[in-house]
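Biologist: Please go through this model with me. I would like to know what stands behind the terms used for it.

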Amino acid sequence: MSVRPLLRPDATISGPLVPVVQKRSVSRAGRPKDILIVLHQEHSTPGRVGRLLEERGFRLDIRRPRFGDPLPTDTRSLAGAVIFGGPMSANDPDDFIKAETDWIGVALKDELPFLGICLGAQMLARHLGAKVAFHPEGQVEVGYYPLHATEAAQRELPWPDHVYQWHREGFDVPAGAELLATGDCFANQAIRVGKAAYGIQFHPEVTHWMMNRWTTRAHERMASPNARPRQDHFDGRYLHDPGVRLWLDAFLDHWTALKVA
């Protein structure tokens, strides 16, 4: 599978693609450079997570199993893997859902740095036997909501106090996983499994462009119980995104250093 270049979404609306500038000089001699990126829609991008990984010198191996891309059977050439979100459910019977959920077992066995975002976190929980389900009162999280990191998590990283959400289902904490952050509506917001696998319910990858797209193409979600009005999404970004950026920058430095040599 060839490595596909990341096209920034803003390149399609504001002119030619701007070359990515590598901002950090990190010694990675002899270590893998590729990060597996699993996306679920034809035009999805890894957003800010992808950009920050590229700035750290990594190459993005973007695959969409939903559209026939295979997943690697050998992780030795990978520095990490990220499974992103999507409108489908971890409980769906589709072959690609099962394939991705099963593949997480490969990452865990090999102690590959793994990050599941929203659907990816729910797949991680389900792979480990935990329940993924709708809120018992039909509520959703669509917009910015408070996040409460545990004391242990706060000692490691500067967690934000509000994060951007876009989901109808949540996950239980699997046996053996460590709960890192909670929320007021969906209790479980971030978990760690072993040393190198993380699942987060929220979306730190979202850019302003992505927020515009999501709130336009899926505007009906904002009519669901507990969803925030569209303007609150953009007002919340001005208020809360600096803390999310700070967390994501520190998290990616920590996470990319977890690859077993």
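Modeller: Arg 48, Val 49, Leu 52 and Leu 53 of helix H2 meet residues of helix H7, among them Arg 237, Asp 241, Leu 248 and Trp 255. This is a predicted model, where local features need pLDDT of at least 70, side-chain atom pairs count only at pLDDT 80 or more, and totals for chains, interfaces and linings use all residues. Residues are numbered from 1 along each chain as its sequence is written, and side-chain values use heavy atoms, with hydrogens and water left out.

Biologist: What makes two residues a contact?

Modeller: Contact means heavy atoms within 4.5 Å.

Biologist: Why is H2 called oblique to H7?

Modeller: The axes of H2 (residues 47–55) and H7 (residues 230–256), lines fitted to C-alpha atoms over the stretch in contact, come within 11 Å and cross at roughly 45 degrees. Angles under 35 degrees count as roughly parallel, over 145 as roughly antiparallel, 65 to 115 as roughly perpendicular and the rest as oblique. Therefore H2 is oblique to H7.

Biologist: What is the handedness of the crossing of H2 and H7?

Modeller: Right-handed: the near helix is turned clockwise from the far one by less than a right angle.

Biologist: Why is strand S6 called mostly covered?

Modeller: Five of the six residues in S6 (residues 141–146) are buried, meaning under 20% relative accessible area with a 1.4 Å probe, protein chains only.

Biologist: How do you know that S6 pairs with strand S8?

Modeller: Two strands pair if DSSP finds at least two bridges between them. Six bridges join S6 to S8 (residues 162–167), and the two run antiparallel. Gly 143 has Gln 165 in S8 as its bridge partner.

Definitions and conventions. Axes are lines fitted to C-alpha atoms, for helices over the stretch in contact, and angles run from 0 to 180 degrees between N-to-C directions. Helices (H or I, at least four residues) and strands (E, at least two) are DSSP runs, numbered from the N terminus. Buried means under 20% relative accessible area, exposed over 50%, partly exposed in between (1.4 Å probe, protein chains only).
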